[in-house]
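Here is a short note for someone meeting this structure for the first time. Please keep the view open while reading.

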Amino acid sequence: MAYWLFKSEPNTWGWEDQVAKGDAGEEWDGVRNYQARNFMREMKKGDLGFFYHSMKEKSVVGIVEVVAEAHPDSTTDDARWECVDIKAVRPFKVPVTLDQIKAEERLENMVLVNNSRLSVQPVSDAEWKLVCEMGQTKP
């Protein structure tokens with residue numbers, strides 16, 4: 001299993017919106033960055049990810065699961081763009097902020113710390129466990 005991070009502006013698509021989609025989940029559509037798209041192409045059904053609120057909150061607020069592997073993005077006719085479907089698994093008991101992540105020495109190589117603009121990014125096993133621990137949430 002691989003781990004990922006999905007960033008969204010909460011006023012556009014927030015954790016509560018994701019939860020409302022239930023087990024069917026929702027397309028992680030609208031990604032127009034080749035690196036982020038390529039990461040989605042690597043995802044497998046059952047992979048887990050952090051749901052990250054960007055903009056003002058800048059925090060990990062929940063865990064999601066990939067429920068459908070890469071397929072054409074329904075928001076465009078351009079065949080270059082693909083997306084996965086994700087569903088909410090559980091919220092973080094305590095959101096983990098970007099400042100907390102940056103302050104944690106063991107997370108200094110995390111993509112979020114070094115490329116915070118990338119909307120879809122990989123997370124290592126060690127980073128996954130540590131961020132879950134910081135959020136007092138079962139990995």
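The points below go from the whole chain to single residues.

1. Overall make-up. This is a predicted model. The chain holds 5 helices and 6 strands. From the N terminus, the order of elements is β-α-β-α-β-β-β-α-α-β-α. The radius of gyration is 14 Å, close to the 14 Å that the globule rule gives for 139 residues, so the chain is as compact as a globular protein of that length. The C-alpha trace spans about 40 × 30 × 30 Å along its principal axes.

2. Inside and surface. Of the 139 residues, 45% are buried. Among contacts with a separation of 6 or more, 69% join residues 24 or more positions apart. The accessible surface comes to about 7400 Å². Carbon and sulfur atoms account for 46% of that surface.

3. Charges. There are 18 positive and 24 negative side chains. The centres of the two sets lie 1 Å apart.

4. Helix α5. This helix covers residues 125-134. Its buried residues are Glu127, Trp128, Leu130, Val131 and Cys132. What covers them? The cover includes strands from several parts of the chain: β1 (3-8), β3 (48-53), β4 (59-72), β5 (82-97) and β6 (120-123). As background, an α-helix has 3.6 residues a turn, so residues three or four places apart point the same way.

5. After the helix. Gln136 sits in the segment after α5. Its phi is positive, about 50 degrees, although Gln136 is not a glycine. Gln136 counts as exposed, at 52% relative accessibility; the cut-off for exposed is over 50%.

6. A lysine in a strand. Is Lys87 buried or exposed? Lys87 lies in strand β5. Its relative accessible area is 18%, so Lys87 is buried, given that buried means under 20%. Leaving aside neighbours within four places in sequence, Lys87 is in contact with Gln18, Gly22, Asp23, Gly25, Ile63, Val64, Glu65 and Val67.

7. The loop between β3 and β4. Met55 is found in this loop. Met55 is not a glycine, yet has a positive phi of about 70 degrees. With a relative accessible area of 49%, Met55 is partly exposed. Lys56 has its place in the loop too. Lys56 is exposed, with a relative accessible area of 84%.

Note on methods: Residues numbered from 1 in each chain as written. Predicted model: local features only at pLDDT ≥ 70, side-chain atom pairs only at ≥ 80, totals over all residues. Heavy atoms only, no water. Buried < 20%, exposed > 50% of the residue type's maximum accessible area, 1.4 Å probe, protein only. Helix = DSSP H or I, 4+ residues; strand = E, 2+ residues; numbered from the N terminus. Contact = heavy atoms within 4.5 Å. Rg over C-alpha atoms; globule rule 2.2 N^0.38 Å. Areas by Shrake-Rupley, 256 points an atom, 1.4 Å probe, with all protein chains shown as cover. Lys, Arg positive; Asp, Glu negative; His and termini not counted. Charge placed at Lys NZ, Arg CZ, Asp CG, Glu CD.
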